Amino acid sequence: MSRLSDRPEKPVVGVSMPHESATLHVTGTALYTDDLVHRTKDVLHAHPVQVMKAHGRITALRTGPAYAVPGVVRVLTGADVPGVNDAGMKHDEPLFPDEVMFHGHAVAWVLGETLEAARLGAAAVEVDLDEKPSLITLREAIEADSFHGARPVMLTGDVDAGFGDSAHVFTGEFQFSDQEHFYLETHAALAHVDENGQMFVQSSTQHPSETQEIVAHVLGLHSHEVTVQCLRMGGGFGGKEMQPHGFAAVAALGARLTGRPVRVRLNRTQDLTMSGKRHGFHASWRIGFDDEGRIQALDATLTADGGWSLDLSEPVVARALCHIDNTYWIPHARIAGRVARTNKVSNTAFRGFGGPQGMLVIEDILGRCAPLLGLDPSELRERNFYRQGQSTPYGQPVLHPERISTVWRQVHDDAGIDGRRREIEAFNAVHPHTKRAIAITGIKFGISFNLTAFNQAGALVLVYKDGSVLINHGGTEMGQGLHTKMLQVAATTLGIPLHKVRLAPTRTDKVPNTSATAASAGADLNGAAVKNACEQIRERLLRVAGTQLGANASDVRIVEGVARVLGSEKELAWNDLVRTAYFQRVQLSAAGFYRTEGLHWDAKVFQGSPFKYFSYGAAAADVEVDGFTGAYRIRRVDIVHDVGDSLSPMIDIGQVEGGFVQGAGWLTLEDLRWDTGDGPNRGRLLTQAASTYKLPSFSEMPEEFNVRLLENATEEGAVYGSKAVGEPPLMLAFSVREALRQAAAEFGPGGVSVELASPATPEAVYWAIEAARRGGAHHDGQAPGGSVTPVGASTLSHA
């Protein structure tokens, strides 16, 4: 393979263009999994039998009453499973459980001629339960010593010596919220058996190969007997990396048993109550600084709320540990991670995959400690930036650390921070009940899967006799523009116009053994595989062109669909070249492959270089806060983000904007609440709809929103010099939370350390303001009555 980062003459990558399905999206003609039901005959509809208790052993399951409901065809239970009754990769998620582990756990599924028949049939199923005690909150699980999975510890330097050399030592706790994915398209699958007895499953999944694997082992089949296809998803954000597998398996099992297509599509309430969230975390920490405010040592324990099963909780915790440093050098560190087992849905991947949780801990620490050190928060952050030659606590050298300072300075200049700070000071001096603040934060986010084996990808590229090109790759499209980038990569590598290239839906019988479209690695992995396949074809065509044009193949270039000899007027059109190659019996298809080089990771000692590179960015957020209510508005945001040499600038800027807004939602608005009382609804999710779970909307967008991509930022060793963009921008939203903290502090005397809950809802901001007015006294954050526990309660002390 040629050097990945080199771009040829007149590349199609780097050109701003709309999403390849943009017209289909806005006209409503884009097909999603559930749309295919209307194109399929004799479909049966599945509905879950949910048990509305948090924990208990099933003592009886009576399905007979369901069959008395008109239109009910079949009730699926564990007795129907011919293979393995499990939908998880850790074999701890029975598809049909005999023990209810969370409020709303599905224990059986009813198939009906209509969805209403299936719903009524599910309501008729009788379940007897021997209720057991439940753990709902993270604190309850910690106090009960309820944990599962690995407990990694990351060590660097001499922590005790580091604290001994520290002039200032602080300790504290911080608990912060989980987050609902709230993708537009809920979980969906449609399965049918073809005329050869093969199982074909349409699934809204980020990981078709793993969905295929789970369906196969539930049905007792080999993988080559199951094909999974994903047309596109209406959003995923990590929520469709592991959790679609069970729903696809239910559909496949129903199709296998009835001989009819079966559709599973969750309504919004089912999706919210049955699918996992971003992991909420609890952190306890101790940090030491020298007299200059430089971090000397950090000792912390991060506890993730894993829910009832492991899912991806272990790698989420691992990534949290790998990102607790963010942009800061920590010479001495001991960071422990663990997964709490609670009686809630099994939490799963979510954009950033533990990275945001780890980074939030250090940003919260610095925001709280800066006033106590007598430093401006931005100055404290700058003093601790990585420098050349320094390594992370897990031993990976930080390459291009100068970009941390570069994006920081560019945001500082773009936002005119010095002048605006003076304006804010003047405003705050004459407005006792309204305060403004501006904060700047940076990010360093590692790109690659922590599990080294996942850093591989395949592609299949077909060139037809008429010169048209069809590409298949293992990545899935969830609106993020991956397919658009792959089309641009293929056109650039072959040297042809974009209109000659079409992309086929992602399916497991074209590209096998693919990794999930996750970890922000979709374009890196699949782009390199597509490039590899196209290069194989191009090299063959260059030899044909050289023979036709009387030149050496190395002297031929294909640019904009024309093969030309260097320094000559001789040329051959792409279509003619392809046709000639066909008649010469030259292979016009290729399977491409890519494996990320330079990765190594020892999970036992938590050391190595798990990431190909780091993405950098910085954001400045300007907020205004009302002192009577805690209500606030984001006045302006300025972002500079490093995506290397962008493959598709319009797509990338959209990802930066969207990621930032989603991050701001997690940190300020999205407040998941569970019933933690001892009543009959203990464990019930209380925020079951958009009416009670607040998502960011146009009204929460910054009034002025400026996004710029870092220039001259080629990433050597990545496809056409680009960098990942999916996850890193979410963490830019730390700037909003830190600005809210600083604005709250303006209501009190100088030097007050403000503790701010996360999400920083208006209520949380109000309590932070009240604490600031009292000179930093802490409010415990408990709601009246105590039946619902808000997250974000925290403590800090100066040792």
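**Close-up views of a predicted model**

**View 1. Domain 1 and domain 2 in the predicted model.** Taken over C-alpha atoms, the centres of domain 1 and domain 2 lie 41 Å apart. Domain 1 comprises residues 22-29 + 456-595, while domain 2 comprises residues 394-447 + 613-799. To the contact between them, domain 1 gives 17 residues and domain 2 gives 18 residues.

**View 2. The area buried between domain 1 and domain 2.** The two domains bury about 1200 Å² between them, and 56% of this area falls on carbon and sulfur atoms. Of the area that domain 1 buries against domain 2, 44% is supplied by K485, S520 and D524, which is more than any other three residues supply. One salt bridge is counted between the two domains; K485 forms a salt bridge with D652, in which the closest N and O atoms are 2.6 Å apart.

**View 3. The open sheet β4-β2-β6.** Three strands make up this open sheet, in the order β4-β2-β6 and with antiparallel pairing. Because β4 (99-100) and β6 (126-131) each have a single partner strand, they stand at the edges, and one side of each is left without a neighbour in the sheet. Strand β2 (residues 56-62) is joined to the antiparallel β6 by six bridges, and I58 stands opposite L129 in β6.

**View 4. Residues 777-794 and the confidence of the model.** Across the protein chain the mean pLDDT is 96, with 97% of the residues reaching 70 or more. Over residues 777-794, however, the pLDDT is below 50, although this stretch has 41 contacts in the model beyond near neighbours in sequence. Where pLDDT is low, predicted coordinates should not be read in detail.

Terms used: Residues numbered from 1 in each chain as written. Predicted model: local features only at pLDDT ≥ 70, side-chain atom pairs only at ≥ 80, totals over all residues. Heavy atoms only, no water. Pairing = 2+ DSSP bridges. Helix = DSSP H or I, 4+ residues; strand = E, 2+ residues; numbered from the N terminus. pLDDT = per-residue confidence, 0-100. Contact = heavy atoms within 4.5 Å. Domains from an automatic or database assignment. Buried area = accessible area lost by both parts, 1.4 Å probe. Salt bridge = Lys/Arg side-chain N within 4 Å of Asp/Glu carboxyl O.
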